[in-house]
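Here are some notes for a first look at this model. Keep the sequence and the 3D view open while you read.

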Amino acid sequence: MTDTLRPSDSRSRGRTALSRAAETFAKGFITATGWLAIVVLAAIAAFLVWNSLRALGEAGLGRIVTGTDWYPTSSPGKFGAAPLIVGSLIVTLVALVVAVPVGLAAAVYLSEFAGRRLKEVSKAVIEFMAAIPSVVYGLVGVALVVPAVKRAFALDSGLTALSGGIVLGVMALPTIVSISEDALHAVPSSLRHASLALGNTRWQTTYKVTVPAASSGIFAAVMLGVGRAIGETMAVLMLTGNAAVMPRSLLESVRTMTGTIAAEMGEVVQGGTHYSVLFVVGLVLFAATFSINLAADLVLEKQRKRWGV
Amino acid sequence: MRLTRVKRARAAEAVARAILGASALLVVAAAAFLVLYIAKKGLPGLSWEFLTEVPKNRGREGGIYPALVGTLYVVACTGLFAVPLGVLGGVYLSEYAPKKRSTRIIRLAVANMAGVPSIVYGLFGLAAFVLAAGFGRSIIAASLTLTCMTLPVIVTATEEALRQVPADLRHAALALGASKIRTVLSVVLPAAAPGIVTGVVLGLARAAGETAPILFTGAVFQMRRLPDGLGSQFMALPYHIYTQVTSVPNWNRDLVWGTALVLVASVSAASAAAAIWRSARRRRISW
């Protein structure tokens with residue numbers, strides 16, 4: 001829009017000084033709010049690093065990330081966050097196994113085969129799923145998934161990595177479906193028409209032409225799903241049992257990075273080592289999701305440019 | 001030979017359609033199941049007393065009035081900060097931002113902000129607003145934390161809505177001698193209002209359901225009175241569900257599911273109302 005509009009053209013036509021001053025002020029103010037996103041992101045990073053300094057000085061990043069003993073309240077406290085990192089990864093992996101096949105298949109169907117009516121309905125449905133608060137997903141998981149897992153595997157407790165991962169997968173579905181559907185939709189229909197005209201069926205067109213053309217966008221959708229799953233807090237906190245030990249199977253209790261921060265931050269001494277270590281965990285989480293999201297956004301941007309949308 | 005190839009392709013087409021269609025159906029069915037399940041579990045707990053009384057016996061009896069009011073306060077306060085900042089941010093990106101590298105970086109920052117985990121916003125809110133700014137655990141600290149979370153939703157929605165306003169309208173206003181800011185305020189923003197309002201409602205609805213950002217910034221387990229100002233702590237619906245399930249032995253199933261139903265119903269009613277209003281307005285304005 002900016003290249004077609006030139007406020008300077010009107011400025012030369014004898015505006016009053018007052019209105020010109022107002023214009024300059026408004027422009028400055030709007031520009032400042034535009035830059036706010038960068039300011040907030042930088043502030044988040046700065047506050048996380050600042051509050052991590054004590055723990056990083058006392059224990060060091062390497063020892064925190066690779067240590068396998070998490071006994072923060074013993075004295076001296078042991079702050080090995082490896083079980084938490086592994087816990088987050090395991091739960092995320094389960095979520096991906098649940099969400100990616102179904103999510104991608106649904107996206108392909110909605111974009112390539114479904115009629116307009118079904119498309120509209122499912123869009124509303126997916127928006128609804130995304131709008132359900134995570135604590136409610138946690139509650140549904142407690143009522144349905146936890147007892148089901150307990151019964152199916154004859155366990156003492158159904159609060160396991162598997163239960164958390166299943167619910168997380170359902171929560172990641174809307175992200176994966178809607179973003180990969182957008183990616184498929186962005187593929188120009190001339191490509192589809194060319195393939196159909198050569199005698200391919202719709203399905204042949206889909207897997208030979210459309211899906212490969214949208215592959216980077218689909219990849220970005222999965223990445224964003226991973227980012228959401230790693231960062232999810234309330235549902236995993238309510239479903240995984242939160243035992244901070246190195247997990248050996250999916251049917252054991254795990255504690256994620258997010259769950260640890262949520263469960264422990266309320267009881268720590270402000271400014272103490274434990275407090276600071278939780279900020280280190282937050283920093284690791286922030287760095288991980290930041291890189292995943294940035295990579296996904298760059299891929300999406302590239303794809304958008306490719307099809308000139 | 002040729003015939004079998006065609007036959008095979010047709011069979012593959014049918015199988016693919018069936019599998020893909022079943023997946024799409026599964027997603028829709030999961031959502032439908034969630035609605036019905038939450039409604040079925042939540043309805044027995046609902047009553048007038050449930051909405052208007054304070055919790056008793058650690059939440060096992062009584063109602064959720066303070067949590068309902070607390071959530072409303074926090075959402076209103078979040079809107080007060082997030083709406084002007086988010087809308088102006090969107091105006092900048094659509095109307096003022098030069099086509100330069102810096103603008104690209106701002107867009108990436110906005111997209112990335114939307115992906116920052118909610119618990120990280122909670123940590124940031126604790127460090128920045130509760131401690132560094134000295135607000136303590138309070139409505140204002142929680143609202144500012146939620147403002148940071150909601151901002152990218154509103155910025156993106158505003159930018160998209162503004163982009164759909166045809167350039168002709170801007171040219172017409174400028175040709176009549178309006179300044180740029182006057183054009184934006186009197187012509188472009190009103191024309192984009194439906195899209196912006198929908199984005200605002202979606203963003204605030206999400207803020208209403210968030211638990212992790214308010215864990216350490218002001219939400220409390222129980223309060224007998226209502227919050228009496230911006231510096232007061234508060235009860236909130238999502239936090240109430242969480243604390244009941246995790247720290248009250250023998251929590252009352254009906255009341256907790258009732259709380260979940262109230263939360264989900266109000267969040268989706270607000271989003272649905274905004275979406276319907278938008279499409280009604282869209283039909284009236286055509287370009």
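1. A word on terms comes before anything else. Helices and strands here are DSSP runs, helices of at least four residues and strands of at least two, numbered from the N terminus. Note also that this is a predicted model.

2. Start with the loop that holds B:Asn250. This residue lies between α9 (237-247) and α10 (253-284) of chain B. Its phi is positive, about 55 degrees, although B:Asn250 is not a glycine. Most residues other than glycine have a negative phi. B:Asn250 is exposed, with a relative accessible area of 69%.

3. A:Asn242 sits in the loop between α12 and α13 of chain A. Is A:Asn242 buried or exposed? A:Asn242 is buried, at 19% relative accessible area; the cut-off for buried is under 20%.

4. Stay in that part of chain A for A:Val254. A:Val254 belongs to the loop between α12 (234-239) and α13 (257-264). A:Val254 is buried, with a relative accessible area of 1%. Which residues does A:Val254 touch, leaving aside those up to four places away in sequence? They are A:Gly87, A:Val91, A:Ala161, A:Thr240, A:Gly241, A:Asn242, A:Ala243 and A:Pro247.

5. A:Val254 and A:Ala194 are 60 residues apart in sequence. Their C-alpha atoms are 51 Å apart in space.

6. One peptide bond deserves a check. A:Ser75 and A:Pro76 are joined by a cis peptide bond, with omega about 0 degrees. Most peptide bonds are trans. Where is A:Pro76 found? A:Pro76 is in the loop between β1 (70-71) and β2 (78-79) of chain A.

7. Turn to the overall build of chain B. The chain has 10 helices and 2 strands. Along the sequence the pattern reads α-α-β-β-α-α-α-α-α-α-α-α. The radius of gyration of chain B is 24 Å, well over the 19 Å that the globule rule gives for 287 residues, so chain B is more spread out than a compact globule. Along the principal axes, the C-alpha atoms fill a box of roughly 70 × 70 × 35 Å.

8. Of its 287 residues, 54% are buried. Take the contacts in chain B with a separation of 6 or more: residues 24 or more positions apart account for 74% of them.

9. The surface and charges of chain B come next. Its accessible surface is about 12400 Å², and 64% of that belongs to carbon and sulfur atoms. Chain B has 30 positive and 11 negative side chains. The centres of these two sets lie 12 Å apart.

10. Last, the cysteines. How many disulfides does the structure hold over all chains? The number is 0. B:Cys77 is buried, at 7% relative accessible area. B:Cys148 also counts as buried, at 8% relative accessibility.

Note on methods: Residues numbered from 1 in each chain as written. Chains lettered and ligands numbered in written order. Predicted model: local features only at pLDDT ≥ 70, side-chain atom pairs only at ≥ 80, totals over all residues. Heavy atoms only, no water. Disulfide = S-S within 2.5 Å. Buried < 20%, exposed > 50% of the residue type's maximum accessible area, 1.4 Å probe, protein only. Rg over C-alpha atoms; globule rule 2.2 N^0.38 Å. Contact = heavy atoms within 4.5 Å. Areas by Shrake-Rupley, 256 points an atom, 1.4 Å probe, with all protein chains shown as cover. Lys, Arg positive; Asp, Glu negative; His and termini not counted. Charge placed at Lys NZ, Arg CZ, Asp CG, Glu CD.
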